[in-house]
Amino acid sequence: MSTGELLSIEPQELQFPFELRKQISCSLNLSNKTDNYVAFKVKTTNPKKYCVRPNTGVVLPRSTCNVIVIMQAQKEAPPDMQCKDKFLLQSVVASPGATAKDITSEMFNKESEHHVEECKLRVIYVAAPRPPSPVREGSEEGLSPRASVSDNGSLNAAESVSRTRLEQHKHQDNSDDAKSLMFKLTEEKNSAIQQNKRLQQELDFLRREAKRGNGGIPFMYVILVALVGLVGIILGYILKTT
C-alpha cells in the first residue's frame, strides 16, 4: 500500500493474469483519510493498450473509490513475460463539494500553486489461474460417482469378459452333451450292426436247413426275416441321425 498525505493506494503494482486474445482487468483501491475532497487522475505510458474507469474523479472525505484498469486483448506475449508499461496516479485537494465535472488538467499542473501528489505504478504479468480440479462427491456407499464413471470402461470390459466366459461355458456344456449323445448313438449303431450280423447268420443257417429238408418255410425263418427287416430300419434311422 502506498500512503500519501492525500490518498492511500492499494495495490502498488497492477497485476494482470496474462492470457492471449483475452481482455483482462485489475482494480485499484483509493482511500481518502483526510477531511478534504481529493481529486485524482490516472495516466499511462501506453494509453492505446489500457482503459481506465474512471480515469479522473473525486474521492470524498473519509471514503474510498475503486478504479478499474482494463488491458485490451493481446495477440502476442511479451518477451520473458516482462512488461515495461507504467501508470501514474496524481492526486490534489479539490474544492469542497467538487465533482468529476469540476476537474481540470490545470489542477494537476506542478507549476501551479497546487500541491500535487504522484504515485507510480508498474505493470506485472502473472500466470493465469488454472481451472480447479474436479472434486469427487461421495455417494451413499462411500464411493465416488465420478470414479464409477471413469471406471466405466473397466467395468464394461469385466462384464464383457464374464459374458464371454459364460457363453464359452454354455458352448462347452452343449458340446459335452452333443458328444455324449453322439457316443450313445454310436454305441447303439454298433450294437444294431452286430445284432444284424447275427440275425443274418441265423437266417443263412435256416435257409441252408430248409434246402436240405425240402420242406416249407419254417416259422422261425419268417420271424428272423421280420427281425432283420426291423433291425435294418432301425439301423438306417440311426445312421441318418449321426
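A nonpolar core is taken here as a set of buried Ala, Val, Leu, Ile, Met, Phe, Trp, Tyr and Cys residues joined through side-chain atoms within 4.5 Å, where buried denotes under 20% relative accessible area, exposed over 50% and partly exposed the range in between (1.4 Å probe, protein chains only). The structure is a predicted model, in which local features require pLDDT of at least 70 and side-chain atom pairs count only at pLDDT 80 or more, while totals for chains, interfaces and linings use all residues. Residues are numbered from 1 along each chain as its sequence is written, and side-chain values use heavy atoms, with hydrogens and water left out.

The protein chain contains three helices and ten strands; helices (H or I, at least four residues) and strands (E, at least two) are DSSP runs, numbered from the N terminus. Along the sequence, the elements follow the order β-β-β-β-β-β-β-β-β-β-α-α-α. Of the 242 residues of the protein chain, 26% are classed as buried. Among contacts (heavy atoms within 4.5 Å) between residues at least 6 apart in sequence, 68% join residues at least 24 apart.

The largest nonpolar core comprises 27 residues, and Phe16, Leu30, Phe40, Tyr50 and Phe87 touch the most other members. Two or more residues are contributed to this core by each of strand 2 (7–10), strand 3 (13–17), strand 4 (24–32), strand 5 (37–44), strand 6 (50–53), strand 8 (63–71), strand 9 (86–94) and strand 10 (117–126). A second, separate core of eight residues includes Val58, Val92, Ala98 and Phe108. When residues up to four places away in sequence are not counted, the partners touched by Leu30 include Leu7, Ile9, Phe40, Val59, Cys65, Val67 and Leu89, as well as Ser8, Ser63 and Thr64.

A pair of aromatic rings is described by the distance of the centres and the angle of the planes. Rings of Phe, Tyr and Trp (its six-membered ring) are paired if their centres lie within 6.5 Å, with planes under 30 degrees apart counted as stacked, over 60 as edge-to-face and the rest as tilted. Three aromatic pairs are found by this rule. Phe16 and Tyr50 form a tilted pair, with 5.9 Å from centre to centre and 40 degrees between the planes. This pair links distant parts of the chain, Phe16 lying in strand 3 and Tyr50 in strand 6, 34 residues apart. Phe16 has 0% relative accessibility and therefore counts as buried, and Tyr50, at 5%, is likewise buried. The ring centres of Tyr50 and Phe87 are 5.0 Å apart and the planes stand at 75 degrees, so this pair is edge-to-face. Here too distant parts of the chain are linked, with Tyr50 in strand 6 and Phe87 in strand 9, 37 residues apart. Phe87 is buried at 3% relative accessibility. Phe16, Tyr50 and Phe87 together form one aromatic cluster.

Five salt bridges are found in the whole structure, each defined by a side-chain nitrogen of Lys or Arg within 4 Å of a carboxyl oxygen of Asp or Glu. One of them joins Arg122 to Glu13, with the closest N and O atoms 2.8 Å apart. This bridge connects strand 10, which holds Arg122, with strand 3, which holds Glu13, across 109 residues. Arg122 is partly exposed, with a relative accessible area of 47%, and Glu13 is also partly exposed, at 27%. Lys49 forms a salt bridge with Asp85, at 3.0 Å between the closest N and O atoms. Lys49 lies in the loop between strand 5 and strand 6 and Asp85 in the loop between strand 8 and strand 9, 36 residues apart. Lys49 is buried, with a relative accessible area of 13%, and Asp85 counts as buried at 11%.

In the helical part, Asn196 belongs to helix 2 (residues 152–213) and is partly exposed at 22% relative accessibility. Asn196 and Leu230 are 34 residues apart in sequence, with their C-alpha atoms 9.5 Å apart in space. Leu227 lies in helix 3 (residues 219–241) and is partly exposed, with a relative accessible area of 36%.
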